[in-house]
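Student: I have a structure to read, and I am new to it. Can we go through it feature by feature?

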Amino acid sequence: MNKICILGEEEELDSCKEFYIYFTAKWCNKCKKSYDELCDFISNYDEKWFQVDIDNFSDISIEYEVQKLPEYLYVSNNKVLFRCNTINELKKKFLNKIIK
């Protein structure tokens with residue numbers, strides 16, 4: 001089951017206090033390869049995820065200072081608390097956050 005919401009309106013992000021963002025692009029091969037693994041990983045958790053295509057939402061990409069794709073961010077109270085670019089790094093940071 002896919003738990004990633006594809007961003008359609010910026011208000012969706014603003015309405016959430018705590019969420020994760022998966023920045024991607026249709027032309028990004030690493031993004032395509034990591035997508036299924038990401039979906040499998042997050043399927044066991046209830047956190048809110050948004051998928052943001054940087055070509056469709058360049059303003060959000062600039063706001064969150066996206067440098068490399070794919071990029072995963074954890075945002076709480078409008079602050080980025082962590083960011084990473086690989087699934088393995090995401091898993092480690094995510095699980096450390098859950099354990100704390």
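**Reading the features**

Tutor: Start with the rings: ring pairs link Y20, F41, Y45, W49, Y74, F82 and F94 into a cluster. Rings of Phe, Tyr and Trp (its six-membered ring) pair if their centres lie within 6.5 Å. Planes under 30 degrees apart count as stacked, over 60 as edge-to-face, and the rest as tilted.

Student: What should I know about the model before going on?

Tutor: This is a predicted model: local features need pLDDT of at least 70, side-chain atom pairs count only at pLDDT 80 or more, and totals for chains, interfaces and linings use all residues. Residues are numbered from 1 along each chain as its sequence is written, and side-chain values use heavy atoms, with hydrogens and water left out.

Student: How many aromatic pairs does the structure hold?

Tutor: A pair of aromatic rings is described by the distance of the centres and the angle of the planes. The structure holds 12 aromatic pairs. One of them joins Y20 and W49: the ring centres are 4.8 Å apart and the planes are at 15°, so the pair is stacked. Y20 lies in strand β2 and W49 in strand β3, so the pair ties together parts 29 residues apart in sequence. Helices (H or I, at least four residues) and strands (E, at least two) are DSSP runs, numbered from the N terminus.

Student: Are Y20 and W49 buried or exposed?

Tutor: Buried means under 20% relative accessible area, exposed over 50%, and partly exposed in between (1.4 Å probe, protein chains only). Y20 is buried, at 0%. W49 is buried too, at 2%.

Student: How do the rings of F41 and F94 sit, stacked or edge-to-face?

Tutor: Their centres are 5.2 Å apart and their planes stand at 75°, so this pair is edge-to-face. F41 belongs to helix α2 and F94 to helix α4, so the pair ties together parts 53 residues apart in sequence. F41 counts as buried at 12% relative accessibility. F94 counts as buried at 0%.

Student: What is the order of the strands in the sheet?

Tutor: Strands of a sheet pair through backbone hydrogen bonds, either parallel or antiparallel. Here two strands pair if DSSP finds at least two bridges between them. The sheet is open, with 5 strands in the order β1-β3-β2-β4-β5 and mixed pairing. β1 (4-6) and β5 stand at the edges with a single partner strand each, so one side of each has no neighbour in the sheet. From one strand to the next, the twist averages 30°.

Student: In which sense do β2 and β4 pair?

Tutor: They pair in the antiparallel sense, over 6 bridges. F23 stands opposite E71 in β4. Helix α2 packs on the sheet and touches β1, β2, β3 and β4. The direction of α2 makes about 155° with that of β2. Axes are lines fitted to C-alpha atoms, for helices over the stretch in contact, and angles run from 0 to 180 degrees between N-to-C directions.

Student: Which residues have the most contacts inside the largest nonpolar core?

Tutor: A nonpolar core is a set of buried Ala, Val, Leu, Ile, Met, Phe, Trp, Tyr and Cys residues joined through side-chain atoms within 4.5 Å. The largest one has 33 residues, and those with the most contacts inside it are I21, F23, L38, W49 and Y64. Elements giving two or more residues to this core are β2 (18-24), α2 (29-42), β3 (49-53), β4 (71-76), β5 (79-84) and α4 (87-99).

Student: What is Y64 in contact with?

Tutor: Contact means heavy atoms within 4.5 Å. Leaving aside neighbours within four places in sequence, Y64 is in contact with L13, F19, I21, F23, L73, V75, V80 and R83.

Student: Which cysteines form a disulfide?

Tutor: A disulfide is a covalent bond between the sulfur atoms of two cysteines. The cut-off used here is a pair of cysteine sulfur atoms within 2.5 Å. The structure holds 1 disulfide. C28 and C31 form it, with their sulfur atoms 2.5 Å apart. The link of C28 and C31 is right-handed, with 80° about the S-S bond. Both C28 and C31 are buried.

Student: Where does K97 lie?

Tutor: K97 lies in helix α4. K97 counts as partly exposed, at 22% relative accessibility. Not counting residues up to four places away in sequence, K97 touches E18, Y20, E47, Y74 and F82.
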